[in-house]
2 protein chains.
Amino acid sequence: MPFVNPSESRLREPFPGFKVHFVHSDKMTFAHWTIEAGAVLPEHSHPHEQVANVLDGIFELTVDGETKQLGPGSVGIIPSNAVHSGRAITNCRIIDAFYPIREDYR
Amino acid sequence: MPFVNPSESRLREPFPGFKVHFVHSDKMTFAHWTIEAGAVLPEHSHPHEQVANVLDGIFELTVDGETKQLGPGSVGIIPSNAVHSGRAITNCRIIDAFYPIREDYR
């Protein structure tokens, strides 16, 4: 199916305060996040490259020890295996893209 | 640099009414589009897989002969080499992701 409404897929909350619908294409995974102010993304890493597109709100992202508060329209690029963590300064909406597919989020 | 503000990159208009800032990660390309109501995306195809995330507005997308009007939060998945075209029913904002990198949009 070429057309998907992510909100019709299962709503998951892999970290407290981080609610997400996933969409998988052939090679990429997309995470449509709604994040509560104050929610914390614990430090972690994965072999997948990840690109965070901030739609609304302010999200503080740390990548390999470098920290920035990202607002609407900003992008965070997390290379393969880079250690990263974060914190929602306000309620946020973010679309993450991953390559390759997040098989763990199928 | 892990943090990018796409609006600081060159604004391009590859099709009339389709204004875009590109961001490239290691493996993917992202297109942050602002599209004028009525603008037409001519039929084309490319080997890159493409995933369109509609942020605002209504965009009519045709993929391999199947057509749907996509609203905010909807996703269009365009497989590698699929023929696709489109039309902005209203002003739109869309974030497209491509794999692999669009070297032609570097």
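Visitor: How do the interface residues of chain B compare with the interface residues of chain A?
Guide: 100% of the interface residues of chain B are also interface residues in chain A, so the copies meet through the same surface. Keep in mind that this is a predicted model.

Visitor: How many residues does each chain give to the contact?
Guide: Chain B gives 31 residues, and chain A gives 31 residues. Several elements supply two or more residues to the side of chain B that touches chain A, including β1 (3-4), β6 (49-56) and β11 (92-99) of chain B. β8 (66-70) and β9 (75-78) of chain B are also on that list. Sorted by class, this side of chain B has 18 nonpolar, seven polar and six charged residues.

Visitor: What rotation superposes chain B on chain A?
Guide: Start with the general idea. Two copies of a chain are related by a rotation about an axis and a shift along it. Here the rotation is 180°, the shift along the axis is 0.0 Å, and the RMSD is 0.0 Å. The two copies are therefore related as by a two-fold rotation axis.

Visitor: What can I say about confidence, in pLDDT, for chain A?
Guide: The general rule is a caution. Where pLDDT is low, the predicted coordinates should not be read in detail. Chain A averages a pLDDT of 97, and 100% of its residues score at least 70. The model as a whole scores ipTM 0.96 and pTM 0.97.

Visitor: How many helices and strands does chain A have?
Guide: Zero helices and 11 strands. Along the sequence of chain A, the pattern reads β-β-β-β-β-β-β-β-β-β-β.

Visitor: What is the radius of gyration of chain A, and what would a compact globule have?
Guide: Chain A has 106 residues, and a compact globule of that length would have a radius of gyration near 13 Å. Chain A has 13 Å, which agrees. Along its principal axes, the C-alpha trace of chain A spans about 40 × 25 × 25 Å. Of the 106 residues of chain A, 39% count as buried. Now take the contacts in chain A between residues at least 6 apart in sequence: 62% of them join residues at least 24 apart.

Visitor: Now the sheets. What is the order of the open sheet of seven strands?
Guide: The general idea comes before the order. Strands of a sheet pair through backbone hydrogen bonds, either parallel or antiparallel. In this sheet the pairing is antiparallel, and the order is β1(A)-β9(B)-β6(B)-β11(B)-β4(B)-β3(B)-β2(B). The edge strands are β1 of chain A and β2 (12-15) of chain B, and each pairs on one side only.

Visitor: Where does strand β1 of chain A join chain B?
Guide: At β9(B), through two bridges, with the strands running antiparallel. V4(A) has V75(B) in β9(B) as its bridge partner.

Visitor: How many bridges link β3 and β4 of chain B?
Guide: Seven bridges link β3 (residues 18-24) and β4 (residues 29-35) of chain B, in the antiparallel sense. H21(B) has H32(B) in β4(B) as its bridge partner.

Visitor: Which residues of β7 of chain B are on the covered face, and which on the uncovered one?
Guide: The covered face of β7 (residues 59-63) of chain B holds F59(B), L61(B) and V63(B). The uncovered face holds E60(B) and T62(B). Next, look at the partners. β7(B) and β8(B) are joined by five bridges and run antiparallel. F59(B) is the bridge partner of L70(B) in β8(B). β7(B) also pairs with β10 (residues 84-88) of chain B, antiparallel, over five bridges. In that pair, L61(B) has G86(B) as its bridge partner.

Visitor: How many residues lie between β7(A) and β8(A) in their hairpin?
Guide: Two residues, and D64(A) in the turn has a positive phi of about 50°. Five bridges join these antiparallel strands, residues 59-63 and 66-70 of chain A. E60(A) stands opposite Q69(A) in β8(A).

Visitor: Let me try one residue. Is K27(A) buried or exposed?
Guide: Count the neighbours. The cut-off for buried is 20 or more other C-beta atoms within 10 Å. K27(A) has 20 other C-beta atoms within 10 Å, so K27(A) is buried. K27(A) lies in the loop between β3 (18-24) and β4 (29-35) of chain A.

Visitor: What is K27(A) in contact with, leaving aside neighbours within four places in sequence?
Guide: Y99(A), P100(A) and I101(A) in chain A, along with E49(B) and Y99(B) in chain B. By contrast, take V75(A), 48 residues from K27(A) along the chain: their C-alpha atoms are separated by 20 Å.

Note on methods. Residues are numbered from 1 along each chain as its sequence is written. Chains are lettered from A and ligands numbered from 1 in the order in which they are written. This is a predicted model: local features need pLDDT of at least 70, side-chain atom pairs count only at pLDDT 80 or more; totals for chains, interfaces and linings use all residues. Helices (H or I, at least four residues) and strands (E, at least two) are DSSP runs, numbered from the N terminus. The radius of gyration is taken over C-alpha atoms; the globule rule is 2.2 Å times the number of residues to the power 0.38. A residue is buried if 20 or more other C-beta atoms lie within 10 Å of its own, exposed if 12 or fewer, and partly exposed in between; C-beta atoms are placed from the backbone. Two residues are in contact if their C-beta atoms, placed from the backbone, lie within 7 Å. Ala, Val, Leu, Ile, Met, Phe, Trp, Tyr, Cys and Pro count as nonpolar, Asp, Glu, Lys and Arg as charged, and the others, Gly among them, as polar. Two strands pair if DSSP finds at least two bridges between them. Copies are superposed by least squares on the C-alpha atoms of residues with pLDDT of at least 70 in both. pLDDT is the predictor's confidence in each residue, from 0 to 100.
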